[in-house]
Amino acid sequence: MQEAALQLFDERGYDATSVAAIAVHAGVTEMTFFRHFGTKDAVLMSDPYDPLIADGIARQPSDLAAIAATIAGIRGALAKVPLAATVIIRRRLRIVARTPSLAGAMARNNVATEAAISDALVSRGVNRADARIAAAAALGALNAALLDWVDGDDDDLGAAIERALRVVEGSRG
């Protein structure tokens, strides 16, 4: 179903593609579509990586500062993303980046990711305000890097994410 939706979004645009058209193209009913995705934007916004990031952050040594634990947790989660997934990630992000009507869905998705990161930091003993600041800083950098990556020629998602993390931690190179 995701492939059918992405194909139609690429061909017709997100806003011009109905759930009914996706269901027909995928050979399923609309009810089946909604059981899998809940909403049309969930095809693009569903993010299986938040739990990996949160777990990676929660597992960091307790003496690491909030931003350092966040960066290390994101790096650890990145290592678990299969290379084949980057093609779909780029395709989904391109559609999102080029569809102004998805700005609200992207913001909701970012709020969920920020909450996952913040909660993981709080579980490590970081106060809530510092946790939110570290989460927002990392997420802002990641969003900027991902949007640059979407429109670039480099296929290396890991390099784009690593660049964002290096900037946040103040590293060179």
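Visitor: What volume does the largest cavity have?

Guide: The largest cavity has a volume of about 550 Å³. On a 1 Å grid over the protein atoms alone, a cavity is a set of points where a 1.4 Å probe fits but cannot get out, a pocket is an open set with protein on both sides within 12 Å along at least five of seven lines, and lining residues have an atom within 4 Å of a point. Grid points are joined across faces, edges and corners, and a volume is the space filled by probe spheres set on them. Please keep in mind that this is a predicted model, in which local features need pLDDT of at least 70 and side-chain atom pairs count only at pLDDT 80 or more, while totals for chains, interfaces and linings use all residues. Residues are numbered from 1 along each chain as its sequence is written, and side-chain values use heavy atoms, with hydrogens and water left out.

Visitor: Which residues lie nearest the centre of the largest cavity?

Guide: Those are Asp-47, Tyr-49, Ile-89, Leu-93 and Leu-146, out of 25 lining residues. Helix α9 gives the most to this lining, with five residues; helices here are DSSP runs (H or I, at least four residues), numbered from the N terminus.

Visitor: And the largest pocket, what lines that?

Guide: The largest pocket, of about 250 Å³, is lined by 13 residues, and Ala-145, Asp-148, Trp-149, Ala-160 and Arg-163 lie nearest its centre. Both α9 (128-151) and α10 (157-169) supply at least two residues of that lining.

Visitor: Switching topic: is Thr-70 buried or exposed?

Guide: Thr-70, which is found in helix α6 (residues 66-78), is buried, with a relative accessible area of 0%. Buried means under 20% relative accessible area, with a 1.4 Å probe and protein chains only.

Visitor: What does its side chain reach, and what does Thr-70 touch?

Guide: The side chain of Thr-70 reaches the backbone oxygen of Ala-66 at 2.8 Å. Not counting residues up to four places away in sequence, Thr-70 touches Ile-57, Ile-117, Leu-121, Ala-134 and Ala-138, where contact means heavy atoms within 4.5 Å.

Visitor: Last one: why does Asn-110 count as buried?

Guide: Asn-110 counts as buried because its relative accessible area is 19%. Asn-110 lies in helix α8 (residues 103-123) and, leaving aside neighbours within four places in sequence, is in contact with Leu-139 and Asn-143.

Key. Buried means under 20% relative accessible area, exposed over 50%, partly exposed in between (1.4 Å probe, protein chains only). A polar contact is a pair of N or O atoms within 3.5 Å; within protein, one must be able to donate a hydrogen and the other to accept it, and residues adjacent in sequence count only if both atoms are side-chain atoms.
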